[in-house]
Amino acid sequence: MWWEKVLKVDPRIIYLVMILCIAIPLIKPLGLPLSIVETTKQAFEVVEALQPGSKVLMSFDYSPGGAAELDPIARALVMHFLQKNLRVYAVTSVAEGTMYAQKNMAIYADAGKIYGEDFVVLGYFAGGENAVAALSENLRSVFKSDIHGSPIDQIDMMQEVKSVRDMDLVVSVNVGPGGAATADVWVRQVAVVYRDVPVILGMTAVMTPNCMPYLQSKQIKGLLGGLRPAAEYELLLQQPGPAVAMMDAQSAAHLTILIFIVLGNIAYFATKSKDK
Amino acid sequence: MVQGRISLFVMGLLICGSILLHIQKARKGEEYQLRPIPALDAIDEAIGRAVEMGKPVHYTPGVGNLTTRGAPTMFATLDILAHIAEKCASMDVDFIATTGSGDVQTVSEEIVRNAYARVGKSDAYSIDKVRYLSTDQWAYASEIADIVKRENVQANLMIGYFAAESIVIAESGRLSGAIQIGGTTNAYQLPFFVASCDYALIAQEVLAAASYFSDDPVAKGSLVGEDYGKALCLITIVLGVILSTLGIDFLNQLIKK
Amino acid sequence: MKDVIPVLVTYFIGAVMMIEFFFVAPWAISVSASIRSWTPVITAFAVIVGTVNLVLVHGKNISRKTVGWYRSIVLLASFLVTAVLGLTVGQGASSYMFIFDNILNTVGSTMFALCAFYIGSSAFRAFQARNLQATVLLVSGVLVMIGRVPIGEYISKHMPNIAQWIMDVPNTAGQRAMMIAMGIGFVSQCLRILVGYNRKHLGAVE
């Protein structure tokens, strides 16, 4: 009887328990240890191997919905690029992505880097997969000016760049189908076509299983899926930040769901045996 | 030819050839038997349930469009929409279709209007039957959640191109008591449909739907042709595994050409 | 006749793109580069079409006072304010950033966060060991969920490796199979569109 009530519990009670379990570790962190997994080290080493002055095409393909999970990944990567003195060409296939591109590239500006020499924000490109194919072949076919309206040929760091072939790394931090150019678009149009240019993908945790085949077949050289790799990346940089701070809350959330699953199963078997 | 794409070209030719060959065979009258897909059969059951309860049927093809986002999947959903609209029109049950992009909206309006006309119910068609919500996935999902609750939808059919909003739509529908059938080609959204829906179409079953709903020989023939293509891939994989295990690199090198 | 020209254009463009991908043909490279450069322009116009559509739909809701018409007023007002601000003071201005940071960002994140609660309630109900397949799903889901967070390591140092093995081996195998099947399905869809068998998008009644 009691277990039947458990099975039919009002979902709002579940929501309330979840809110509490997520909020409490955010206010009072537990400090659980975090190890670094191979996939994160792989992505880290790709960036680490680049020489100062190398060129990175970074696409901030996420909107406000995915920002909570993806912005820490983007931020960690930009911090690493800054440490390595890399030159960043920021683009986005999502209209709201320009805001995240500008926010994250402000890290470069705050560190004294010069716009147009060390970093440039080219802005939003419409057209999804076709536009990724077009800009990979010839950046100028998609961008005539940067986000501030300066003609592209007047920007110093654009002089030596024509296509993705001139880049040393391509990164897409991607929200998936909610955006325009999904993660597999970058695999199809960049990783497969320009095999000499390494590609790193950042994505939400839910997309990671889908993109593991690309990493295993070495079509992409790095994959950062979700908040945990962002936290691990911050630890590798020795600059713990927002991702590390959120890991305890994520642990609590997962544990809460596990408890719900166990309760649900106990209730199911209890009511099943009672029916028999 | 471009280096590294020769094997891809050959595989592509073989697969496309198989598809075109079986389309021609189907057009000449060859009959093909398709295995039943429970989720597709359940669509008629869901519509029947809505007729009994006197409540509306809701169908949404997701946030894709016909040009960039999930275009092949969205084309497949047009056939599903035609079938569902025709079924609802013939059974006199209220039908609501919601879309997440302008081009899908335009085509969907035409399809639903034609579906109603085909069963002689042109008078029953109104412009409110196909509603454009938003291209933003969250605005789209919250609007659908509201429609399902407000209009007391009995059958909630979500088959198409979905992203993270799938769980919001599916759970909202479940909480309001609707019978739900979900399906998407985005494999990582499938678990949410499997968890929240009564029936789920898994990946390629969404693309196969047209073959089930129509007597169009093109659709049936292409499905058979695809199966031969899959068989070719399967043979290649098995051969590759055996040869690689034996230390023979021949097939690996051939595929890289 | 009205279908013939679009089908011919589709066929020509598809053929050129495929020739450019598979063959070394300079003429195909330059033609397809031109075609690709049109796409951002066409898609940008589609944004305008979508915007006009949105204004028309919600304008109609307001004029007809359909259910929830007041929400259409809120939508159109928000749209107007954001558009005017963006066009006049620019995206970098504090007023525009205020709207982005405090409204758009917050609302978008909130909606995404709802997924966590919905997943919690569906996990409670759906992850039941009803049969062998459901049990395998349940066990693998639990192992991956726990192995991917620090508490998993706290429980056992092998948890992250177990979770990674599930992701690397059975998951990747299943994903690859689905990718291959869907890839062939997409090829079939696109082939039917390119050769003109599928013309629903042109309004053809089949």
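Two residues are in contact if their C-beta atoms, placed from the backbone, lie within 7 Å. By that criterion, in this predicted model, the contact between chain C and chain B takes 43 residues from chain C and 46 residues from chain B.

**Chain C side of the contact with chain B**

- Four elements of chain C give two or more residues to the side that touches chain B: helix 1 (4-22), helix 2 (26-64), helix 4 (94-126) and helix 7 (159-194).
- Helix 7 of chain C provides the largest share of this side, with 15 residues.
- The side of chain C that touches chain B is made up, by class, of 27 nonpolar, 13 polar and 3 charged residues.

**Sheet in chain B**

- Chain B has an open sheet of 6 strands in the order 3-2-1-4-5-6, with parallel pairing.
- Strand 3 (130-132) and strand 6 (199-202) of chain B are the edge strands, and each pairs on one side only.
- On average, neighbouring strands of this sheet are turned by 15 degrees against each other, direction ignored.

- Strand 1 (residues 57-62) and strand 4 (residues 155-161) of chain B pair in the parallel sense over 5 bridges.
- Opposite B:His58 stands B:Asn156, in strand 4 of chain B.
- Helix 4 (residues 102-118) of chain B packs on the sheet and touches strand 1, strand 2 (95-99) and strand 3 of chain B.
- The direction of helix 4 of chain B makes about 170 degrees with that of strand 3 of chain B.

Technical notes
Residues are numbered from 1 along each chain as its sequence is written. Chains are lettered from A and ligands numbered from 1 in the order in which they are written. This is a predicted model: local features need pLDDT of at least 70, side-chain atom pairs count only at pLDDT 80 or more; totals for chains, interfaces and linings use all residues. Ala, Val, Leu, Ile, Met, Phe, Trp, Tyr, Cys and Pro count as nonpolar, Asp, Glu, Lys and Arg as charged, and the others, Gly among them, as polar. Two strands pair if DSSP finds at least two bridges between them. Axes are lines fitted to C-alpha atoms, for helices over the stretch in contact, and angles run from 0 to 180 degrees between N-to-C directions.
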